[in-house]
Amino acid sequence: MHGLRGINVVDLTSHVAGPYCTKLLADAGASVIKVESATGDPLRSWSATGTDLKGNDGALFQFLNASKRSVIGAHDDDAVKALVARADLLVEDLGSASSLDRAALRKAHPNLVLLSLSPYGLTGPYAERPATEFIIQAESGSIAGRGIPGEEPFQAGGRVTEWVAGTFAAAAAAAALRGARESGQGDHIDFSLLECMTLASTVFLDLMYSLLGRPDTGCAAGQNCETPSIEPTRYGYVGFNTNTAQQISDFLLMIEQPQYRETGEFATAMKRMARLEEWEGLVRSWTRERTTAEIIEQARLLRIPVAPIGNGRDVLEHEQLVARGIYRDAPGSGFKVPCPPYQIDGERPPQPSRAPRLGEHTSQPEFPSGQERVESATKTKTETKTKNLPLAGIRVVDATAWWAGPSATHALACLGADVIHVESLARIDGGRTVGGMLTGLHEDWWEASNIFLSTNTNKRGLTIDLADARGRAILDELIAEADIFVENFSPRVMDGFGIDWAHVQAINPRCIMVRMPAFGLDGPWRDNVGFAQTMEQLAGLAWLTGHPDDQPRIQRGPCDPLAGMHATFATLVALSERDHSGRGHFVECAMIEGALNVAAEQVIEYTAYGNLMERRGNRCPEAAPQGLYPCLDHDPRSKPRWLALSIASDAQWRALLDWLGNPSWSSTHREADLAARQRAHDEIDKHLRDGFAARDRDTC
């Protein structure tokens, strides 16, 4: 696979978001040089479960930085400047307060793509604010809506914001690189993690519903939980989701409550939430009498999306993931890591080389020979083309539905592609059905879905019947003129119509076909249906979400746009491949595999150190104290007044105590480092809760 070979990347990032972005680029063939300080990326000494690494690089660091080179330096060193002069892409997370002069850098290297990752973006009133994963989730609004009404909300576990941001950033970088190659002009991507998390959670969907006139649900801040979702079984848990009327109807049949199919008492999510205790009693009286395996088999027969609740140990034994060979040994180590989440022409990106030792390549800070680019500043004006959007002129046939597939084609449309979204009148895009919740407010409810309206802007729409010969002929005509054809139904749907890779190739040898099945195109779960909730349940993201004394809870959405951005990235790699081969390529991007990459740390911790990561509610290993603290006039149901606080450094801790007026209890903790604050977290939380209860949240 040629992929992104010939692309040179300088990586000035640390932790997860930036390194996962450049990992995706490296997996696709780009040459990545990681520039580190003398102490190195903090992940070199990191274990989420606190394992003593005995001076070795952390396993998560090794996963994220495989196939890269390491150089000790800084952005203003002459050696690093020389690298940048030969680079196509510079990725940095130095923040707005950095001495890096981005404007001067772009002027000196006009065809360089600069990707700047920061919590809030490089401009605006929040640009210099410190932030952690927890604070970004709180600012985005995603925490406030998650959980049982009246109880303390909780974060999405597993640092999902950083992983999702890395995926979005990689797609943005690949697109900008394509644009720079076409025009000879680089670009600056000012990437905000807050904006990314707002898009990747259900928050912007809730905002859209408010604009459309959603009726009041009676729940403070819209806080709610999906049900049925994760339910107890005889020995563990099982996960469902019922996004359609047919699925909830079949679910009632499965749990032996068919009478409610007629009455409609539990037909909608709002009705089930209104009688949650009664509803959960009906469901759990049935699930607790059966094993997880028995329930999964019955649900599969009824085509109800279902999965076991995975964690860092159990996913290694799941039959579908074993059959697909998802996990392999990390290069040079004995622990397991997931494969890249896509295949091109039936092949995954090649096995990476081991991660570099700190400063291993400092003495020879060079990109591979023969890959130095031509500096655009040396080009004549006639050699520089007019700059358009990166995918201008690319035509896409979009046969996707719901959120994951449409988010991929939406990204392609936003990047300049001409996208035609194809639906059937007999079976409209499932995303439209969510508009049914506004039936009383909008006569054409199918045009009032927050999901559909949010993910299908910039597209054209067409309805055809693939069961009719004329409909098939129209689709074939579209494919014949297309650069890309994308679909995300379960494999049996398109296969049943005879629309497979061989068919697309016969019509248009230059067309790229992208398939986004839930679980992959082979294996025992090939034909199972699945949504974002299913991926969160199986991959382990739900395992890390929720309070420690409660059950696992789903994260509510990130796996849809996550799958979409992985598919967008893979499509851009395939386009680059076509530039070299002159022919179309077949891309498979299974939804579960993107989720497994984002949940990789659980498997890494388990197989490297034997430790199973557990959910910690609103706490995390990277900061302490951290949590939600009720403030003055707090009422958990009618007027929640939670303050999100996250202390990631010793300096922040001392600043907090000074701001609080150095209360008497703080004297024994003032010099406490992160480890000591973690040990004293319960005691510190008690004092903070007492203190914040008398303070107005908005003045804190």
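Analyst: Two strands count as paired if DSSP finds at least two bridges between them. In this predicted model, strand E1 (residues 8–12) and strand E2 (residues 31–36) are joined by 4 bridges and run parallel. Within that pair, Val9 stands opposite Val32 in E2.

User: What makes E1 and E2 a pair of strands?

Analyst: The cut-off is at least two bridges, and E1 and E2 are joined by 4 bridges. E1 and E2 therefore count as paired.

User: To which sheet do they belong, and what is the order of its strands?

Analyst: They belong to an open sheet of 6 strands, with the order E3-E2-E1-E4-E5-E6 and parallel pairing. The twist from one strand to the next averages 20°.

User: Why are strand E3 and strand E6 called edge strands?

Analyst: Strand E3 (69–72) and strand E6 (187–192) each pair on one side only. They stand at the two ends of the order E3-E2-E1-E4-E5-E6.

User: Which helices lie across this sheet, and at what angles do they run?

Analyst: Helix H1 (residues 17–27) lies across E1, E2, E4 and E5, and runs at about 165° to E1. Helix H7 (residues 193–200) lies across E5 and E6, running at about 65° to E6.

User: How do you know that strand E5 is largely enclosed?

Analyst: Buried means under 20% relative accessible area. In strand E5 (residues 113–118), 6 of the 6 residues are buried, so the strand is largely enclosed by the rest of the structure. Val113, Leu115 and Leu117 point one way, Leu114, Ser116 and Ser118 point the other way, and all are buried. Strand E4 (residues 89–92) pairs with E5 in the parallel sense over 4 bridges, and Val91 has Leu115 as its bridge partner in E5.

User: Where is Ser142, and is it buried or exposed?

Analyst: Ser142 is found in the loop between helix H5 (133–140) and helix H6 (160–183). Its relative accessible area is 6%; the cut-off for buried is under 20%, so Ser142 is buried. The side chain of Ser142 reaches the backbone oxygen of Gln137 at 3.3 Å.

User: Why is Gly236 called partly exposed?

Analyst: Partly exposed covers the range between the buried cut-off, under 20%, and the exposed cut-off, over 50%. Gly236 has 24% relative accessibility, so it counts as partly exposed. Gly236 lies in the loop between strand E7 (230–232) and strand E8 (237–240). Not counting residues up to four places away in sequence, Gly236 touches Glu231 and Thr292.

User: What makes Leu391 a buried residue?

Analyst: Its relative accessibility is 0%, and the cut-off is under 20%, so Leu391 counts as buried. Leu391 is placed in the loop between E12 and E13. Leaving aside neighbours within four places in sequence, its contacts are Arg178, Leu412, Leu415, Gly416, Ala417, Leu572 and Leu575. Leu391 and Ala413 are 22 residues apart in sequence, and their C-alpha atoms are 8.1 Å apart in space.

User: What is the order of the sheet with 7 strands, and which are its edge strands?

Analyst: The 7 strands form an open sheet in the order E12-E18-E17-E16-E13-E14-E15, with mixed pairing. Strand E12 (343–344) and strand E15 (459–463) are the edge strands, as each pairs on one side only.

User: How do you know that E12 and E18 pair?

Analyst: E12 and strand E18 (residues 586–588) share 2 bridges in the antiparallel sense. The cut-off is at least two bridges, so E12 and E18 count as paired. Gln343 stands opposite Glu588 in E18.

User: Why is helix H22 called roughly perpendicular to helix H23?

Analyst: Helix H22 (residues 559–581) and helix H23 (residues 591–598) pack at an angle of about 100°, with their axes 9 Å apart. Angles of 65 to 115 degrees count as roughly perpendicular, which makes H22 roughly perpendicular to H23. Cys559, Asp560, Leu562, Ala563 and His566 in H22 meet Met591, Gly594, Ala595 and Val598 in H23. The residues of this contact divide into 6 nonpolar, 2 polar and 1 charged.

Methods. Residues numbered from 1 in each chain as written. Predicted model: local features only at pLDDT ≥ 70, side-chain atom pairs only at ≥ 80, totals over all residues. Heavy atoms only, no water. Axes fitted to C-alpha atoms, helices over the stretch in contact; angles between N-to-C directions. Parallel < 35°, antiparallel > 145°, perpendicular 65-115°, else oblique. Contact = heavy atoms within 4.5 Å. Nonpolar A, V, L, I, M, F, W, Y, C, P; charged D, E, K, R; others polar. Buried < 20%, exposed > 50% of the residue type's maximum accessible area, 1.4 Å probe, protein only. Polar contact = N/O pair within 3.5 Å; in protein donor to acceptor, adjacent residues only side chain to side chain.
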